[in-house]
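Open the model and keep the sequence beside it.

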Amino acid sequence: VQLQASGGGLVQAGGSLGLSCEVSGLTFSMYAMGWFRQVPGKEREFVAAISRSGETTSYVDSVKGRFTISRDNTKNTMYLQMMKLKPEDTAVYYCAAARASYNVNYYYTRTYQYDSWGQGTLVTVSS
C-alpha cells in the first residue's frame, strides 16, 4: 500500500495551494480518506475527511469555508484545495486511508481509525 502526497510548498498568507494524494495497492473506492497535519512538538491534527462515495465530508472548524476535500475514484486520488491560507496552517500534511466496508457515506476523524498513511508534504504559509 502506498499513499503519495504531493503539492506542498511555500505560499504567502491569503494564497492558495492544492494537495494531492495518489493511492496504490488497495481498492481505493473501499476506503474513506482523510487529511491530517502536524507541526513539531504537537500531536497530529485532523483537517478533513471524505467518505468512500465522496458524498459526505467533514472539516476541522479552523479550515471550514477555506479548505475543500474531494476524491476521484477513477484516478485513485484524493485532493485538498486550500484557500485563504494563514500562517497557522503551516504544517506537514498527511493523507490517510481507512477501510470502510459497511457504509459508503461514512468518514473518520481520528488518527487511530486510519490504516495507512502517506509520507507527508510540507506546507509553509508566510505572513
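A salt bridge here is a side-chain nitrogen of Lys or Arg within 4 Å of a carboxyl oxygen of Asp or Glu. The model is predicted, so local features need pLDDT of at least 70 and side-chain atom pairs count only at pLDDT 80 or more, while totals for chains, interfaces and linings use all residues. Residues are numbered from 1 along each chain as its sequence is written, and side-chain values use heavy atoms, with hydrogens and water left out.

Start with the charges. Side chains of opposite charge can pair when their charged atoms come close. The salt-bridge count comes to 4. One of them joins Lys64 to Asp61, at 3.0 Å from N to O. Exposure is given as relative accessible area: buried is under 20%, exposed is over 50%, and partly exposed is in between (1.4 Å probe, protein chains only). Lys64 is partly exposed at 49%. Asp61 is exposed at 61%.

Now turn to Asp89. Arg37 forms a salt bridge with Asp89, with the closest N and O atoms 3.0 Å apart. Arg37 lies in strand S4 and Asp89 in the loop between S8 and S9, so this pair ties together parts 52 residues apart in sequence. Strands are DSSP runs (E, at least two residues), numbered from the N terminus. Arg37 is buried at 6%, and Asp89 is buried at 1%. Asp89 also meets Arg66 in a salt bridge of 2.8 Å, N to O. Arg66 sits in the loop between S6 and S7, so that pair ties together parts 23 residues apart in sequence. Arg66 is buried too, like Asp89. Arg37, Glu45, Arg66 and Asp89 are linked in a network of salt bridges.

Next, follow strand S9, residues 91–99. Of its 9 residues, 7 are buried. Two strands pair if DSSP finds at least two bridges between them. S9 pairs with strand S4 (residues 31–38) in the antiparallel sense, over 8 bridges. In that pairing, Val92 of S9 is the bridge partner of Gln38. S9 also runs antiparallel to strand S11 (residues 121–126), joined by 3 bridges. There, Ala91 stands opposite Val123. Strand S10 (residues 116–117) pairs with S9 over 2 antiparallel bridges, and Ala97 stands opposite Ser116.

What lies in the core? A nonpolar core is a set of buried Ala, Val, Leu, Ile, Met, Phe, Trp, Tyr and Cys residues joined through side-chain atoms within 4.5 Å. The largest one has 39 residues, and those with the most contacts inside it include Met33, Trp35, Leu80 and Tyr93. S9 supplies the largest share of this core, 6 residues. Contact means heavy atoms within 4.5 Å. Beyond four places in sequence, Leu80 touches residues including Leu17, Trp35, Val47, Phe67 and Tyr93.

Finally, look at Arg71, in strand S7 (residues 67–72). A polar atom of the Arg71 side chain lies 2.8 Å from the backbone oxygen of Phe28. The backbone oxygen of Tyr31 also lies 2.8 Å from a polar atom of that side chain. Leaving aside neighbours within four places in sequence, the contacts of Arg71 include Met33, Ile50, Arg52 and Met78.

Definitions and conventions
Helix = DSSP H or I, 4+ residues; strand = E, 2+ residues; numbered from the N terminus. Polar contact = N/O pair within 3.5 Å; in protein donor to acceptor, adjacent residues only side chain to side chain.
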